[in-house]
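The exercises below are meant to be worked with the sequence and the coordinates side by side. Each task is followed by a solution that goes step by step.

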Amino acid sequence: MRRALRFALFAATAVLNACGSVNTTYTRTTPSATAVPTKTQVNDALTQIFLSAGEVRMFPSKGGPLEAQVDVINNGFSYRGFSYRFDWVDANGSVIPSQVSVWKTSNVPSGGSTTIRAIAPSEAATDFRLQVRRADQ
Amino acid sequence: MCALLLCAGAPFGCQQELRRTTKQIDAALIAGDYSKAEAVACEAAAKAEKDEQDRLVYFMAAARTAQIAGSWERSDLWYRRAFDEIKPYLDEKAEAKVTEAVATTVVNQTVRIYRATPPERIMVCTFDSMNDLERGDFDSARLKLNRARDFQMDAKSRFQEEVATQQASADAAWRKQGWSESAASGALAQVRSRQGNPPEQNGMAVLPNPFTSYLRAVFLLSTSSELGDRQNARADLRAVEEMVPGFAPAALDIALIDEDPAAGTMPVTWVFFLSGLAPFYDEFRLDIPIPVGPVNYVSAAFPVLKVRDDALGAIEAASADAQGMGTTFQSVTLADMDAMVRAEFDSRLPTIVTQEIISSATKAAATYAASTAAAQSDSTVGLLVQIAGIAYQAASTAADLRCWGEMPKRIDLLRVATPETGQIELRRSGGAPLCSVPVQPKSPNIVFVTMPSAGAPPVVQHVPLAKFIPPPPQVIAAPRTITNPEVSHEAAPEQTAQEP
Amino acid sequence: MRFPAIRSVASLASLSIFVAVGCGSPAKYVETGSPESIVSVGDVDMQDILKASSGMLESLIETGILKTAQAKPAQLVIDKVVNDTSSQFDVGELLYRMREQLVNSGQATVITTFGANAEDKTAQEQLRAQAFRQGNAVDGMPSPDFSLSGKITQVKRQAGNTQQTTYTFRLTLTNIRSGVEAWTKTVDMTKQGTKNSVGF
């Protein structure tokens, strides 16, 4: 029974690999120094497309304003396209309107991850909100 | 029944209005009456706005005739309309439609929506850029030349594949009928013979237009010092060398790019001579040996290409400079539009012949079947159906003769050092004076000379390329030494006489 | 017997036309640049411009290059941005979005009265006349820190019926005092689409 299960797992892995999935290797086992705790709300659409947020980092960029980085992981079996948008908020929690906050697109292969990043429009920004949507592309 | 007979008697998709208008336009152009040509073409184009089938032909004719007549705004408008028609075929719309294939079988090829051939699409954008160049709107000219490049790439990568697909589909329809293949190949041979095709000119076309590539190269190298633009110009000139092997001016301009003079400083004038009118189509009726009922032949109509010979050959210019005194420069053929149109048409000809025969035979078979069925109940009705069918066949047998005949027959290039006098005297081959062209001394110039026939007056469009190049921003707070724009540059290329 | 049949066919035809008309979607608003926007392979779309301007702004802010300017806030002059694509659009759509962000957030000012291609010729003339009257022809004129220039290019490729276009937006900031390139950024947009060989 166990041999059969092992074989099934091996076969499934082989099929996934043949479909263009990727193997991802991480050397870091602990959160990075700039990692921040996050409150994540995953909507139904996101769950359906097997995308999840990994580590979230936030740190001041060379120019001063904050930079945010989010690792997006594809736990699904197929190549996924998604749209995302960072909105920056000030210390009072108000959204800072800016031309920087626009919908962008990215793709992530099955089993792989990608890092999406954004730079705050000014030093007044202290936090961000991230929206992710499925993109059929 | 009377209505059926009446309908059958009326011509179906015979392009009569289009053929009449085209003849008028071409006759006016050949006679040198450019305003009349423009008036006829623009009026017809305005009327054809809602005629989805043929309007593109009208738009192209109106755009080019208005351009020759010097009505740039009108010409722009019609080129824009023509571009709107052809653009979807670049990346959205399919070139062939199932519903249209059915319609062409039932009627004839003239009911197809005219989409322009690859050489025509390229020329719509290239001619359009000429208006912008003359106005000094270099940003817009760049855009139009890039569009022409898109259509060049499209022609290269897709046209042959599409022709092959359409031919395969027509062949499959032919085999389904069980007709002898010799009927189609025999008809094709007869059409080619009627056309006077030399056998070596049959086959697949090479469609990118060297005129477009050369114009873009000259535009980029004269108006921009940016590295990317210079290299694009070089790539275009290399492409011209491949399209027209041994084309000497291209080598001179490549050398000019490698010398890297600043934009607007090279004292070279490129005279593009657009001579004559492109080929047109004539109708050729032929009986094809396919038995339908008691009749052993079906009648079909095919387009045959007719080349126009009324065009001036090469032109000459005498150098007025001390450096080249006494030297006569002769233009060399850059783009043979006749050959391009012929090659494109010949690529499609086997498909046209096959489709036309299928259409004619299908109509004949339908008439025979209907009249036989009707005759079984009433011999008079059977006879009437047969007469109506024959009348319909006669009325709907017509070849598709649509094309853009207002393109030039050939385009020559005369590359000369810009004379200090600011005038270039152009002559006919042999020395008879043609016209005097003003140019901007010590700088690059493009000149377009159009002559729709050997006897028509030349139309000159002059583009002083240095005039519109904006000077770089000057720092007022920290003044720099201002370079004297009148200082002559030693990077002027040496002009050599070229063989005709 | 034949007439009811014809009537029912006619009714069915009318019904299908009605249904077809009823199925047409009404015009609606979509968020500018959102994933619902129309994507065209052969043209620069508004969402491409938005993404490009956002990418450019992020890079400008991230590097902090504007903070190195002599003037506070940095003074910019907009030079030529060449549209080297075959798509008709106004490069101002890109530049004005960037200007809006930089100027309104106080990170830079844009001089519109500078050079031979000044955006505001009237203001430039006024400024010149005023400076001349005050005998201060040089110092009275604006002195920008940076000049912004760029180019938008395209690479189109086809494989069978699949078409791909990459639009590259390139911008460069040149330090006018030193003549040295201070910042440069490229933002790529690649779009793919398929065109049918045969339609209906």
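**Exercise 1. Confidence in chain B**

How many contacts beyond four places in sequence does the model have for residues 1-10 of chain B, over which pLDDT stays under 50?

Solution. The coordinates come from a predicted model, and the confidence values are therefore a reasonable place to begin, since where pLDDT is low, the predicted coordinates should not be read in detail. For residues 1-10 of chain B, the model has eleven contacts beyond four places in sequence. A further stretch with pLDDT under 50 covers residues 472-500 of chain B, and for this stretch the model has 44 such contacts beyond four places in sequence. Turning to the elements of chain B, helix 1 (residues 2-9) has the lowest mean pLDDT, at 44, whereas helix 4 (residues 55-69) has the highest, at 97. For chain B as a whole the average pLDDT is 82, and 82% of the residues score at least 70.

**Exercise 2. Confidence in chain A**

Which element of chain A has the lowest confidence, and which the highest?

Solution. Within chain A, helix 1 (residues 2-18) is lowest with a mean of 45, and strand 5 is highest with 93. Residues 7-19 of chain A keep a pLDDT under 50, and the model has six contacts beyond four places in sequence for them. The average over chain A is 77, with 69% of the residues scoring at least 70.

**Exercise 3. Strand pairing in chain A**

What is the order of the strands in the open sheet of three strands in chain A, and why is one side of strand 1 and of strand 5 left without a neighbour?

Solution. The order is 1-2-5, and the pairing is antiparallel. Strand 1 (51-60) and strand 5 (113-119) of chain A stand at the edges with a single partner strand each, so one side of each has no neighbour in the sheet. On average, and with direction ignored, neighbouring strands of this sheet are turned by 20° against each other. The next step is to look at one pair: strand 2 (residues 66-74) and strand 5 of chain A are joined in the antiparallel sense over seven bridges, and A:A68 stands opposite A:A118 in strand 5.

Strand 3 (residues 80-90) of chain A can be followed to two partners. With strand 4 (residues 104-108) of chain A, strand 3 pairs in the antiparallel sense over five bridges, and here A:F82 stands opposite A:S106.

**Exercise 4. The surroundings of a tryptophan in chain B**

Is B:W270 buried or exposed?

Solution. The count of C-beta neighbours inside 10 Å is 25 for B:W270, and B:W270 therefore counts as buried, the cut-off for this class being 20 or more. B:W270 lies in strand 2 (residues 268-275) of chain B. Not counting residues up to four places away in sequence, B:W270 touches B:V218, B:L413, B:R415 and B:I446. For chain B overall, buried residues make up 48% of the 500 residues, and among its contacts between residues at least 6 apart in sequence, 74% join residues at least 24 apart.

**Exercise 5. Nonpolar cores**

Which residues touch the most other members of the largest nonpolar core?

Solution. This core has 125 residues, and B:A45 and B:A62 touch the most other members. Leaving aside neighbours within four places in sequence, B:A62 is in contact with B:A41, B:C42, B:A45 and B:W78. Apart from this core lies another, of 48 residues, which includes A:V70, A:V108, C:I61 and C:F169.

**Exercise 6. Where chain C touches chain A**

Which helix of chain C gives the most to the side of chain C that touches chain A?

Solution. The contact involves 20 residues of chain C and 19 residues of chain A. Helix 2 (46-63) and helix 3 (92-104) of chain C each supply at least two residues of that side of chain C, and helix 2 gives the most, with ten residues. By residue class, the side of chain C that touches chain A divides into five nonpolar, nine polar and six charged residues.

Methods:
Residues numbered from 1 in each chain as written. Chains lettered and ligands numbered in written order. Predicted model: local features only at pLDDT ≥ 70, side-chain atom pairs only at ≥ 80, totals over all residues. Pairing = 2+ DSSP bridges. Helix = DSSP H or I, 4+ residues; strand = E, 2+ residues; numbered from the N terminus. Axes fitted to C-alpha atoms, helices over the stretch in contact; angles between N-to-C directions. Buried ≥ 20, exposed ≤ 12 C-beta atoms within 10 Å, placed from the backbone. Contact = placed C-beta atoms within 7 Å. Nonpolar A, V, L, I, M, F, W, Y, C, P; charged D, E, K, R; others polar. pLDDT = per-residue confidence, 0-100. Core = buried A, V, L, I, M, F, W, Y, C linked by C-beta atoms within 7 Å.
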